Amino acid sequence: MPGLFDRQEEQHAEEVRPLASRMRPRSLEEFVGQRHFLGEGKLLRRMLTAGRLQSLIFFGPPGTGKTTLARLIADHIEARFLQLNAASAGVKELRDILGEARERLKRGERTVLFVDELHHFNRTQQDVLLPDVEEGVVTLIGATTANPFFSLVSALVSRSQVFEFQPLERSEIRGLLDRALADCERGLGTLEIEATDEALDFLAEVSDGDARRALTALEIGARSLPVGGRFDLAAAQESIQKKAILYDAAGDQHYDVISAFIKSIRGSDPDAAIYWLARMIEAGEDPRFIARRLVIAASEDVGNADPHALPLANAAAEATDRVGLPEARIILAQATTYLACAPKSNASYVAIDAALEDVRHRRLLPVPMHLRDAHYRGAQRLGHGAGYAYAHDGEGGWVDQDYLGVEKTYYQPTDRGMEAEMQQRLAELRARRQRDG
C-alpha cells in the first residue's frame, strides 16, 4: 500500500518540522513585518503589482523572514523556486542550475534562484551569476546578514534592488506566538496550553525581533508541559537560551555600534554611551579597540574644554591593556561616563583640519625671518633671527610679535569649560595687539 505509506511519511515529516517552519505564512497577506518596503504603496509591493521584478538582495538579521518572503515571491509570480546555500555550493553546481534555468525559460517557465548567505560566494561565483541575472534567465534573491555594499561585488549590487530587513516589532512577535498557540493544523492548538501574557511578552521581548527564536522557545516550552499545562514566565525563561548578540567584529554591526557609542559621548548622553559599551563588550569586541576610540574622542570631542579628559582616557587605555576583561569593563565605563559628562569642544580638531587644508591646497607660507633658526654659524649673515623678541621678557610673558606672516585664525576656543578661560585670554591678547599696533 504505497499510498498509505506515503501519507504516513508525509505526516511524520510534518510532525518533526520545527514550529517556525510549520507556521511560515502561505501568502503575502499572512507575512508579518517589513512594512517599510512591503506595505501598500511601498517599493517591493509596487514591483510585485507591476510584475516588474528585478533581482533582489535581502539584507538583515536572522529570523526576520528573508527566506520566507523569497518563497512567497516565487509563488506569487508562479516561478520555480530553487535554493542554494552559498557556504556549501560550488561553481559547477551554480552553472548547472543556471543551465537548467535557461532550458526552463525556453518553455516559458520562470526561475527564482534563492541564495542564502550570499556574501559567502567568492568573486568568481558572483561573477558567474552576473550574465544570467542581467539577461533575466533567473530572478536572483540573495539573503545575507552582512552589508551587501561591503561584502558583494558592486556589479552584482548595481543589478539588484537591496531591501534591508528590520527586526520584528514586539507586537508582531507576540501576534505570531498567539497565532501558533491557536492554530490546530500547523501550530500548538491541539496541546491546549494555557500561556500567560507575561510569558509571551517575555519571549517577544527577549527574542530581539527574531521570529524563529521566539517560536522555537515557545515550542520547547509547550511540548515539555503536560496537555492542558500552564506556560508561565518561569517556563518561558527556561525555554530560551542566552541570546547571541548580533555583531560582526569586521562588518556592519561593528561600525554601526561604535558609531553610536562615539556619537552618544559627543552628545553628552552617558546612559546611551554605557549601553553601546555594554553591547560591544557582551558581543566580544576587542576592549583595546574601544579604549583607542575613547582616547580619540577625548581629544576630538572634549579637547581643551576639559584638558583632563585626554590623560584620563589614555590612562584607561593603558589600564585596559594591562588588566583585560572582565575587570576592564569598569575602567572603560569610568572613561566613557567621564567623557560623556565633560564639556565639549572640537575647536582643536577643526583648527588642525583647517590648517592642513591650507598646507595641502594653498601656497606654502615662508617662515618669517625673525623666527628662523639662528643657532648655526652664518645664520646672522642670512638675517635669520634678526628682530626676534623673547616672549618671557615681555609683560605677562607676552610680546606683540608676528608668528605667521599673514592674518589667519585657525583656533577659535569655545565658551565651554576650560576653553572659556582660553577664549578670554586670547581675546585680551588680541586686543593688546590691536592697541599696541
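1. Glu103 is partly exposed at 41% relative accessibility, and Lys106 is exposed at 66%, where buried means under 20% relative accessible area, exposed means over 50% and partly exposed lies in between, computed with a 1.4 Å probe on protein chains only. The side chains of these residues, Glu103 and Lys106, meet in a salt bridge with an N to O distance of 3.2 Å, the term being used for a side-chain nitrogen of Lys or Arg within 4 Å of a carboxyl oxygen of Asp or Glu. Both residues belong to helix H6 (residues 91-106) and sit three residues apart, about one turn of the helix; helices here are DSSP runs of H or I with at least four residues, strands are runs of E with at least two, and both are numbered from the N terminus.

2. This is a predicted model, in which local features need pLDDT of at least 70 and side-chain atom pairs count only at pLDDT 80 or more, while totals for chains, interfaces and linings use all residues. Residues are numbered from 1 along each chain as its sequence is written, and side-chain values use heavy atoms, with hydrogens and water left out.

3. Arg186 and Asp183 form a salt bridge at 3.8 Å, N to O; Arg186 is buried at 8% relative accessible area, and Asp183 is buried at 15%.

4. Asp358 pairs with Lys408 in a salt bridge whose closest N and O atoms are 3.4 Å apart. This pair links distant parts of the chain, 50 residues apart, with Asp358 in helix H19 (residues 347-361) and Lys408 in the loop between H19 and helix H20 (418-436). Asp358 is buried at 12%, whereas Lys408 is partly exposed at 38%.

5. Arg174, Asp178, Asp197 and Asp201 are joined in a network of salt bridges, and the count by this rule comes to 20 salt bridges.
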